[in-house]
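Hi,

Here is the structure I promised to pass on.

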Amino acid sequence: MTIATVALLMSSCGIYNKYERPDDVKTTGLVRDINSLTDTLAVSDTTSFGNLPWRSVFTDPQLQTLIEQGLNNNVDLLNAALNVKMVEAQLHAARLAFLPQLTIGAQGTAVSWDHQKATQTYSFPLAASWNLDLFGNLLNQKRSAQMSLLATKDYQTVVQTNIICGIANMYYTLLMLDRQLEILDGMEELTKNTWELMKLQKELGRYRETSVQSAYSSYLSVKAQKEDMKRQIRETENSLSLLLGQPAQQIQRSKLDEQSLPEEFSTGVGLQLLANRADVHAAEMQLAACFYDVQTARSRFYPSITISGTGAYTNSSGMGIVNPGKILANAVASLAQPIFMRGQLTAGLRVAKAQQEQAYNTWQNTIFKAGNEVSNALVLYNSSNEKARIEAEQVKVLTKNVEDTKALMSQSTSTYLEVIQAQSALLNAQISKVSDDFYKMQAVVNLYQALGGGRK
């Protein structure tokens, strides 16, 4: 009855309370409306693009193979799994803290006085000690360890998501660079033909040597850009190989125009970011762990009650030696109440409370960061999509312009400078078009990551 009364009083002090999500966390208006400079996006749907399995988003078979390889071999992900195992072991130890501690030993002595016959004693002691957790110290430590385990598992999910989306981004980067290299190949042939045509025209007396030199310089400029593009491809392959957990090597891949990615997205309501984003959930679990650390700090102000006992099979009774040995047992209960600890308990509680406030601030900022990333991905997608549409029309116009300018040059009604300018403008437009096609794909990957995709 007395123990139950004490436990009831302690629960009223809050040391047995469970963590509850704070109701003042800000989750509304996290995502900006892409069509408004001031308003936030008011979403009413309850589903999210981030809930799709990664295979449903990244459908390229070669990309799927690379992602699987990365999930199996990436060092960061392997280490994250080991972190989970370590925290699981710590939680297991916290659970076992509720059980008694048992130790067993063996001791034997032989004593001889003045060469007399030796007296032999022996003992096989068993000691037990049990800490009665009436004031929640062990309970809150266990709960804190549980929250830390959840946060560590969340971190593992974060690493997994980063690997999936990182591989996808690098893969699409390679496809973009491949397509730009193809454009440069075509432009190299085009500028070479222009140069050779101008050399012929010079022999006919229509152009001076300086005109031929300018055409040759334009041709060499394209060749130099090709070499730079080849370097970027090789470096990207090396970076992707590292992410895949393999030595640097060539990456098998498809083509940019063969890709198919979702074009309609649902971001879900703001509260879904709390559940879908592993880093947001991890930040909240750290907050919960700090909450229980505060409870643990409070519990240290209360007494600690320990029950201990020993038992031994021995032939030494303390008053004489008996043979054969007998069982010797005793039990002790002790209570220790801290009175003056030089401010250590109070300081520990203040530190725990400050850490809890820090964890709350970190959690709130992580939520804002998540909304910011979603907003950026949406605006990147829409901007790149519109630019690519405009540039596609521009490429058509400039392609016709190059053809018409070359035709005029052959009739001596257009200058070499107009031809070179037309070719340069076409090259820039084609490169920009491919870049914006890539940025559009990258925006899909970024949005998927920002919405907590890659968990499935």
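Helix α10 is the top contributor to the lining of the largest pocket, giving seven residues. Before I go on, the ground rules: this is a predicted model, where local features need pLDDT of at least 70, side-chain atom pairs count only at pLDDT 80 or more, and totals for chains, interfaces and linings use all residues. Numbering starts from 1 along each chain as its sequence is written, and side-chain values use heavy atoms, with hydrogens and water left out.

**The two pockets**

On terms, a pocket is an open set of points on a 1 Å grid over the protein atoms alone, where a 1.4 Å probe fits and protein lies on both sides within 12 Å along at least five of seven lines; lining residues have an atom within 4 Å of a point. Grid points are joined across faces, edges and corners, and a volume is the space filled by probe spheres set on the points. Helices (H or I, at least four residues) and strands (E, at least two) are DSSP runs, numbered from the N terminus.

The largest pocket holds about 450 Å³ of space. It is lined by 22 residues, and the closest to its centre are Leu256, Asp257, Lys433, Asp437 and Met441. Two or more lining residues come from each of α5 (137–203), α9 (344–410) and α10 (416–450). Sorted by class, this lining has 11 nonpolar, four polar and seven charged residues.

Of its 16 lining residues, Asn162, Arg277, Asp279, Glu373 and Gln449 are the closest to the centre. At least two lining residues each come from α5, α8 (278–299), α9 and α10, and α5 gives the most here, with four.

**The strands**

Two strands pair if DSSP finds at least two bridges between them. Strand β3 (residues 119–132) has several partners to look at. With β1 (residues 101–104) β3 runs antiparallel, joined by four bridges, and Leu102 stands opposite Ala128 of β3. Strand β2 (residues 107–111) also pairs with β3 in the antiparallel sense, over five bridges; there, Val111 is partnered with Thr119 and Ala110 sits opposite Gln120. Then comes β4 (residues 304–316), antiparallel to β3 over 10 bridges, with Trp130 bridged to Ile307 in β4. Next along, β4 and β5 (321–336) make an antiparallel pair over 12 bridges,, and Thr310 faces Asn330 in β5.

How covered are these strands? Buried means under 20% relative accessible area, exposed over 50%, and partly exposed in between (1.4 Å probe, protein chains only). The number of buried residues among the five of β2 is zero, so β2 lies largely in the open. Strand β5 is hardly covered either, with one buried residue among its 16.

**A helix check**

The expected span of a helix is 1.5 Å times one less than its number of residues. Helix α6 (residues 209–244) has 36 residues and should therefore span 52 Å, and the 53 Å between its end C-alpha atoms agrees. Just after α6, Gly245 takes a positive phi of about 75 degrees.

How many disulfides does the structure hold? Zero, taking a disulfide as a pair of cysteine sulfur atoms within 2.5 Å. Cys165 counts as buried because its relative accessibility is 0%, and Cys290 is buried as well, at 14%.

Ile339 lies in the loop between β5 and α9 and is exposed, with a relative accessible area of 79%. Arg455, in the segment after α10, counts as partly exposed at 27% relative accessibility. In space Arg455 and Pro53 are 7.2 Å apart, C-alpha to C-alpha, while in sequence they are 402 residues apart.

Over to you!

Notes:
Nonpolar A, V, L, I, M, F, W, Y, C, P; charged D, E, K, R; others polar.
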